[in-house]
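Q: Could you pick one part of this model, look at it closely, and then lead me on from there through the rest? I would be glad of the cut-offs behind each term as you go.

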Amino acid sequence: MIPVVLSGGSGTRLWPLSRRHYPKQFLPLVSSFTMVQETILRLAGIDGMKAPIAVCNEDHRFMMAEQLLEIDIKPAAIILEPMGKNTAPAVAMAALAAKSEDDILLILPADHVIENLSAFHKAVAEAKILAEQGFMVTFGIVPTEPQTGYGYIKRDTVEHGNAYGVASFVEKPDLDTAKSYFQSGEYYWNSGMFAFKAGSFLRELKKYNPTMLESCELALNNAKVDMDFIRLDKDIFSSCPSDSIDYAVMEKTDKAVVIPLDAGWNDVGSWSALWDVKNKDASGNSISGDVFTVDTTNSFIHAQSKLVAVIGLQDLIVVETDDALMISSKDRVQEVKEIVTQLKEKGRCEADIHRKVYRPWGQYDLVDSGQRHQTKRIIVNPGAKLSLQKHHHRAEHWVVVKGTALITKGDEKLLISENESTYIPLGIVHCLENPGVIPLEIVEVQSGSYLGEDDIVRFDDQYGRV
């Protein structure tokens, strides 16, 4: 089997920890591993697993590559989507990239929690047998309560071992309908996990949505291979229809079967869902960071950079980051996406990025900003190098506080060490590199009429950025 990790989500419901440029699947929300890493690591012990294929947004390519490297996983491919087109095109790309039409794909969203690994492994083994027979397998989560936040799968009476035929896929219900689904025992939560042969999926997609398949084939055939990355052709992929795998194939095919899965599954789709799966103290509180509480119960409190004190509260979500504080009652956490919408409407950067921004060469922290100046703390990894670039609207002053910097400034090269500095005038072509074996830390003071990140003209970049 080839695991296919789908990592296209933006994670707005877990704002302010999750942002568009650093969504929840790349965060260590439940353990010391990120959710992407957990998705791969829980496959350990399943026989016949091949190197994974990851499908992610182009903006997240270096995070995906680095996080797989951290757990010693070399992917078969990392397919980069220039824009999101939902799950059906993402799965089609993985199926087209597989070596053989007989390869079985195990489709896994990158942001789920599964607690009972033995039950999950057993279900995957059953799915493999069914997929080898030509079935299109989906995993239906055995519901633990009436739930209005999930789509449902209704089984029929035809049994295939421990699986059932699929009678229908059902949209998110209202509460009364969800109660009737729960009581009937015939409905499962739609997990978004699937297993089938690559060829089986492509044949069904060709039957029910040939335009989508044609667009995917063209985009992949015209893709550029860059290191481990497959960069899809943007112009072609932009014309691809957008649809979920449920609508595009699974609801239409007569080969769909559902395997009931009772494995402590949670899609961590909200702060209250994360509170459900986190360890709690004797008062029912999930606490991380520098937090003090008095008479506080059944709450989720996350402090990232400051001391947070909470007194006399219950059923509350408190999330503090470098640049934002979000407080919500647990029963209204789904509305956090409305805050993200307001931030976007006002052009606020907090919807997309953290104060600390990760780059393929390291990271920077925006320490201070004003109308015509801003200050960053920049860390460059050993051996890493920023692009050769210039700016039209800003000058920069660099002070090395740790390590050694190799600097290109116009026609000259400088090697400067701790407590030394240099000035980059506006319009001068320049580059910053860490030739050492320890992280390079500098303070950068920018000044000028415009200080946006898009004021960069790149002449050369080892990471393939335009």
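A: Let's begin with Asp331, which lies in the loop between β19 (325–329) and α11 (336–345); helices (H or I, at least four residues) and strands (E, at least two) are DSSP runs, numbered from the N terminus. This is a predicted model, in which local features need pLDDT of at least 70 and side-chain atom pairs count only at pLDDT 80 or more, while totals for chains, interfaces and linings use all residues. Residues are numbered from 1 along each chain as its sequence is written, and side-chain values use heavy atoms, leaving out hydrogens and water.

With a relative accessibility of 69%, Asp331 counts as exposed; the cut-offs are under 20% relative accessible area for buried, over 50% for exposed and in between for partly exposed (1.4 Å probe, protein chains only). Between the C-alpha atoms of Asp331 and Gln389 there are 48 Å, with 58 residues separating the two along the chain.

Ala163, by contrast, counts as buried at 1% relative accessibility. Ala163 belongs to strand β8 (residues 163–170). Beyond its neighbours within four places in sequence, Ala163 contacts Leu130, Val158, Val257, Val258, Ile259 and Pro260, where contact means heavy atoms within 4.5 Å. From Ala163 to Val137 the C-alpha distance is 8.7 Å, across 26 residues of sequence.

Leu130 takes us to helix α4 (residues 117–132), where Leu130 is one of the buried residues, along with Phe120, His121 and others. The 16 residues of α4 should span 22 Å at 1.5 Å a residue, and the end C-alpha atoms lie 23 Å apart, which agrees; the expected span is 1.5 Å times one less than the number of residues. Just after α4, Gly134 has a positive phi of about 100 degrees.

Helix α3 (residues 87–97) has eight of its 11 residues buried, so α3 is largely enclosed by the rest of the structure. Among these buried residues are Pro89, Val91 and Met93.

Now for a helix pair. Helices α6 (residues 198–208) and α7 (residues 210–221) pack with their axes 5 Å apart, at an angle of about 125 degrees. In the contact, α6 supplies Leu202, Leu205, Lys206, Lys207 and Tyr208, and α7 supplies Pro210, Met212 and Leu213.

Finally, the rings. The structure contains nine aromatic pairs; rings of Phe, Tyr and Trp (its six-membered ring) pair if their centres lie within 6.5 Å, with planes under 30 degrees apart counted as stacked, over 60 as edge-to-face and the rest as tilted. Tyr22 and Tyr358 have ring centres 4.9 Å apart and planes at 40 degrees, so this pair is tilted. The pair joins distant parts of the chain, 336 residues apart: Tyr22 sits in the loop between β1 (2–7) and α1 (35–41), Tyr358 in strand β20 (residues 356–359). Tyr22 is buried at 16% relative accessibility, whereas Tyr358 is partly exposed at 40%.

The rings of Trp189 and Trp265 also form a tilted pair, with centres 6.4 Å apart and planes at 50 degrees. Here strand β9 (residues 187–197), holding Trp189, is linked to strand β13 (residues 265–266), holding Trp265, over 76 residues.

Notes. Axes fitted to C-alpha atoms, helices over the stretch in contact; angles between N-to-C directions.
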